[in-house]
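Hello,

Here is the structure we talked about handing over. Please look through it first; my notes follow below.

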Amino acid sequence: MEFEAQVIAAFGRHLQVRDDAGVCHEARPFGRRMQAVCGDRVRCRSDAAYGEVHAIEVLPRTSLLQRSTLRGGAEPVVANIDLLVVVVAPQPEPDLFVVDRYLCAASSAGLAGLVVLNKSDLPGAEPTAAALETYRAAGYATLTCSTATGAGMAELEAALNTHRSVFVGQSGVGKSSLIARLVPQATVAVGALDRAAEGRHTTTAARAYDLAPSGQLLDSPGVRDFAPAIGALDPRSLGFPEVERLAVECRFQDCRHLREPGCAVLAATESGALDPRRYESYRRLRRLYEDLQAAASPGGRRTPRRGGGH
Ligand SMILES: Nc1nc2c(ncn2[C@@H]2O[C@H](COP(=O)(O)OP(=O)(O)O)[C@@H](O)[C@H]2O)c(=O)[nH]1
Ligand SMILES: [Mg+2]
Ligand SMILES: [Zn+2]
């Protein structure tokens, strides 16, 4: 028998799918090349004789968040979402370069980006709030909340409840705590280290939670290092909205905004109109982008600089 279902959890090649009647099944992708991720809609075949369900086809995706492999290839992370929520907190200390890269991956996938500062109850929340201001100026939605005090939780819920969102961010920022508050019936492990998935090359594990009235939240494990898939990035801006806005004024159409004459991005950095840390982040991603392009091309270098200069 064949049926369609949504992948609601993916642990490598172990899938949990939910059919349109709401029944969940354990399933395995059929064949080595079939790669289904959380959020995917899949066509399944169940073999009554063996009690096994196979996902045999991934149905067309409305969106796909992808990351880069060390060789410059693209690896799917989650599918069919419309909003990427990057969670940061005063503790653990935010790595804003990783936040930037997630947001670049979001824009290359056509997703809106929301930056959430959680743990606003902790001292040290103010400097992080200043960083949020930079994201707001760039054009992203931002929000401050605390799962400990409940501050900002109603606003967060309102921002999410009609979207299909993915939560990303460093391990320990409170993604699972946020989900536990937003989806009270969910069982999530708060404080659990996402150790198995922290490396770039380990299996991606993600899980979907329903959110009333029509939203869905996808939890994804924390990663220390995230690079957007380079093939999907806009070569002109790499997904930085400020750079995209400025680049139309650059003298050269193919300006890389590094040291070209007549570069509007460099001019804006010098005048202070463009945040220097965001520009530095652009520069690092540009270097990683070019390294990975070289690595991915035939005869290319095999080991690009990791993390683009971390
Ligand atoms: N002070 C404070 N601690 C929080 C808050 N939200 C989560 N935590 C704590 O931060 C730790 C990591 O939370 P968790 O949800 O597992 O983070 P995840 O790794 O991003 O899923 C846990 O000890 C939580 O209790 C908050 O708003 N304020
Ligand atoms: Mg977690
Ligand atoms: Zn330029």
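Strand β1 (residues 2-11) is largely enclosed by the rest of the structure, because 7 of its 10 residues are buried. Buried means under 20% relative accessible area, exposed means over 50%, and partly exposed lies in between (1.4 Å probe, protein chains only). Strands are DSSP runs of E with at least two residues, helices are runs of H or I with at least four, and both are numbered from the N terminus.

This is a predicted model: local features need pLDDT of at least 70, side-chain atom pairs count only at pLDDT 80 or more, and totals for chains, interfaces and linings use all residues. Residues are numbered from 1 along each chain as its sequence is written, chains are lettered from A and ligands numbered from 1 in the order in which they are written, and side-chain values use heavy atoms, with hydrogens and water left out.

Which strands does β1 pair with? Two strands pair if DSSP finds at least two bridges between them.

- Strand β2 (residues 14-19) runs antiparallel to β1, with 6 bridges. Phe11 has His14 in β2 as its bridge partner. The hairpin of β1 and β2 has 2 residues between the strands, and Gly12 takes a positive phi near 60° there.
- Strand β4 (residues 41-47) is also antiparallel to β1, joined by 5 bridges. Ala5 has Val42 in β4 as its bridge partner.
- Strand β12 (residues 205-211) pairs with β1 in the antiparallel sense over 3 bridges. Ala10 stands opposite Ala206 in β12.

**Domains**

The protein chain is divided into domain 1 (2-58), domain 2 (64-219) and domain 3 (230-308). These bounds come from an automatic or database domain assignment. The centres of domain 1 and domain 3, taken over C-alpha atoms, are 39 Å apart.

**Helix α3**

Helix α3 spans residues 153-160, and Met153, Leu156 and Leu160 are buried in it. They sit on the same side of α3, because they cover an arc of only 60° around the axis. That arc is taken from the directions from the helix axis to the C-beta atoms. Ala154 and Ala158 are exposed, on the face turned away from the buried side of α3.

**Zinc site**

What holds the zinc ion (ligand 3)? Its protein donors are Cys250 (SG), Cys255 (SG), His257 (ND1) and Cys263 (SG), at 2.1 to 2.4 Å. Donors are N, O and S atoms within 2.8 Å of the metal (3.2 Å for Na, K and Ca); water is not among the atoms, so sites may look incomplete. The 4 donor atoms subtend angles of 103 to 118° around the zinc ion, which makes the arrangement tetrahedral (four donors, all angles between 85 and 135 degrees). The donor residues follow the spacing C-x4-C-x1-H-x5-C in sequence. Cys250 and Cys255 are both buried.

Best wishes

Note on methods:
Four donors count as tetrahedral if all angles lie between 85 and 135 degrees; four count as square planar and six as octahedral if opposite donors are over 155 degrees apart and all others between 65 and 115; anything else is irregular.
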